[in-house]
Amino acid sequence: MTRRVRRPPALPLVLAGGALIVLLLPLLGLLTRAPWSDLWASVTSEDAVRALRLSIVTSLWATFLAVLLGVPLAWVLARVDFPGRSLVRALTLLPLVLPPVVGGVALLSAFGGRGLLGGPLDDWFGIQLTFSTPAVVLAETFVAMPFLVITVEAALRSMDRRYEDAAATLGAGRATVFRRVTMPLVAPALAAGAALAWARALGEFGATITFAGNVEGETRTAPLAVYLLLDHDPTAAVALSLVLLAVCVVVLIALRGRWLGLR
Amino acid sequence: MNVARGTALAVIGAVALAACGSSASTARDDGGATITVSAAASLGDAFSEIADRFERTHPGSSIRLNVGSSAQLAAQIEQGAPADVVATADEVTMDRLVRAGDVADDPQLFAENTLVIVTRPGNPQHIGALADLADVDTVALCVAVAPCGRYADQVLDRAGVSVPSDRITRGADARATLAAVTQNDAGAAIVYVTDALVAAHAVSTVSIPAPDNEVARYPIAIVRRTDEVGTARAFVTFVRGPVGQAILVDHGFLVS
């Protein structure tokens with residue numbers, strides 16, 4: 001348990017205040033521009049509801065895929081010794097630094113109709129991802145998964161492995177050890193990583209508009225709708241952004257309380 | 001074992017979702033010709049209206065409208081995106097697609113746009129012509145690589161007006177440039193007539209006389225890999241026909 005600092009020194013307080021200004025002042029600016037009187041009408045319009053629903057559904061799928069594929073990757077990176085491991089680890093994190101629009105071009109060249117994998121998919125099965133909802137999920141997974149991998153891998157590497165050894169000594173098989181010992185120990189990190197990945201997926205813009213396009217009802221998520229609205233209805237754009245923020249804040253606060261055991 | 005089984009179920013679920021997503025869109029194809037039209041963002045509103053009218057007058061056909069910057073639309077088509085018709089905001093981007101062999105016919109011009117000066121509401125700095133921009137505190141122009149920035153530079157050049165570079169702010173695209181004025185960051189901007197019309201409630205406009213002005217031309221073309229040539233061609237004809245042209249005029253575009 002953390003020991004409370006009785007009288008915090010001034011310097012960290014001042015710097016922490018600076019951090020809050022950088023993080024929260026822009027949000028405050030958004031709030032002052034919010035069209036409170038017609039906020040409800042703006043966000044309950046058919047287009048806004050459809051975009052929000054698409055955003056929520058695709059971001060949840062992206063989080064699910066990030067967990068499904070990202071946890072095993074984190075485990076391999078943390079536990080399996082193979083040549084070039086640090087290179088693979090660095091490459092895994094590339095989507096974090098890649099400008100999302102470039103990420104979208106990269107996704108096109110991999111999964112587009114003439115892409116490395118997209119070409120054969122189209123030729124052999126007639127499956128075209130571009131301009132489809134699964135393409136949105138793929139773009140969001142691409143940008144979100146690194147957050148999950150980095151968080152879970154750090155937890156796996158820093159955990160005390162003697163618990164696993166003890167379980168193995170007591171006769172537990174590898175799968176049982178993973179399920180009953182390893183996973184519960186990294187559960188808080190998994191929840192944090194999944195929450196980060198989900199938040200990133202929810203706000204995804206650049207990779208989605210480049211790779212999945214901007215087709216109403218199919219690939220127009222809330223951030224893409226905001227981009228279009230900025231042109232002719234800026235107040236509606238602000239309103240939709242606020243709803244997106246509110247959804248995110250509510251879920252993250254709820255998760256912190258319930259899963260992470262923190263207040 | 002349970003973990004493995006759970007994982008397998010989850011994978012099946014994910015694949016099923018992907019399959020559902022794609023079958024849902026192909027199911028619509030069977031009902032009639034569905035074509036995907038990629039249009040530059042500035043055309044978005046006009047094209048969504050044109051698409052509605054097209055669907056009403058061509059029963060059984062359906063338009064999926066994909067909007068983005070001209071460069072994004074071109075990148076998607078170059079990578080084999082399933083678009084059937086593409087309309088860009090400039091001829092340079094379309095020429096790139098023509099040279100790469102990605103669009104079928106010679107592109108057809110269907111609309112024009114010109115530039116206009118926008119100022120803060122009521123024109124408090126009394127800007128009357130291009131020459132007055134030299135005295136404005138901050139002038140917003142599009143970046144030089146964007147068509148609207150290129151045109152604006154040409155317009156200023158032709159009128160012999162030089163605005164000191166430290167008083168120019170460059171927006172990434174027309175909407176960002178317009179926003180510089182509506183957000184009070186700039187005293188004036190040069191944008192398209194259509195942008196100024198959209199923001200009519202937040203800016204005043206000062207026209208640029210024809211000899212100095214530039215004309216932006218919008219080309220439309222059929223994507224070479226389309227399976228729906230008939231519907232794609234019908235849509236292009238519709239955009240260039242009386243109904244399409246009237247809708248474009250409503251949105252501030254010039255048609256010939």
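**Notebook: chains A and B, predicted model**

I began with helix H7 of chain A, whose buried residues pack against H6 of chain A. Contact here means heavy atoms within 4.5 Å. Helices (H or I, at least four residues) and strands (E, at least two) are DSSP runs, numbered from the N terminus. H7(A) covers residues 118–125, and its buried residues are A:Gly118, A:Gly119, A:Leu121 and A:Asp122. I use buried for under 20% relative accessible area, exposed for over 50% and partly exposed for in between (1.4 Å probe, protein chains only). Just after H7(A), I noted a positive phi of about 65 degrees at A:Gly126.

For the record, this is a predicted model in which local features need pLDDT of at least 70 and side-chain atom pairs count only at pLDDT 80 or more, while totals for chains, interfaces and linings use all residues. Residues are numbered from 1 along each chain as its sequence is written, chains are lettered from A and ligands numbered from 1 in the order in which they are written, and side-chain values use heavy atoms, with hydrogens and water left out.

I looked up A:Ser55 in helix H3 of chain A. A:Ser55 is buried, at a relative accessible area of 1%. Beyond its neighbours within four places in sequence, A:Ser55 touches A:Leu202, A:Thr221, A:Ala222 and A:Pro223.

Next I took A:Phe205, in the loop between helix H10 (174–202) and H11 of chain A. A:Phe205 is partly exposed, with a relative accessible area of 27%. Setting aside neighbours within four places in sequence, I found A:Phe205 in contact with A:Pro223, A:Leu224 and A:Tyr227. From A:Phe205 to A:Tyr227 the C-alpha distance is 8.9 Å, across 22 residues in sequence.

**Chain B**

Chain B has nine helices and nine strands, and 48% of its 256 residues count as buried.

I then checked helix H3 of chain B (residues 70–78), which has seven of its nine residues buried. Among them are B:Leu73, B:Ala74 and B:Ile77. The buried residues of H3(B) pack against elements of chain A, helix H6 (100–111) and helix H11 (206–212), and of chain B, including strand E1 (34–40) and helix H4 (91–99). B:Gly80 follows H3(B) with a positive phi, near 80 degrees.

Strand E9(B), residues 215–222, is mostly covered, with six of its eight residues buried. Strands pair if DSSP finds at least two bridges between them. E9(B) runs antiparallel to E3(B), with three bridges, and B:Ala87 stands opposite B:Ile220. E9(B) also pairs in the antiparallel sense with strand E4(B) (residues 108–119), over six bridges. There I found B:Ala216 as the bridge partner of B:Asn113.

**The largest pocket**

Of its 40 lining residues, the closest to its centre are A:Asp47, A:Glu216, A:Arg220, A:Leu228 and B:Ser48. A pocket is an open set of points on a 1 Å grid over the protein atoms alone, where a 1.4 Å probe fits, with protein on both sides within 12 Å along at least five of seven lines; lining residues have an atom within 4 Å of a point. H2(B) gives the largest share of the lining, seven residues. By class I noted 17 nonpolar, ten polar and 13 charged residues in the lining. Nonpolar covers Ala, Val, Leu, Ile, Met, Phe, Trp, Tyr, Cys and Pro, charged covers Asp, Glu, Lys and Arg, and the others, Gly among them, are polar.
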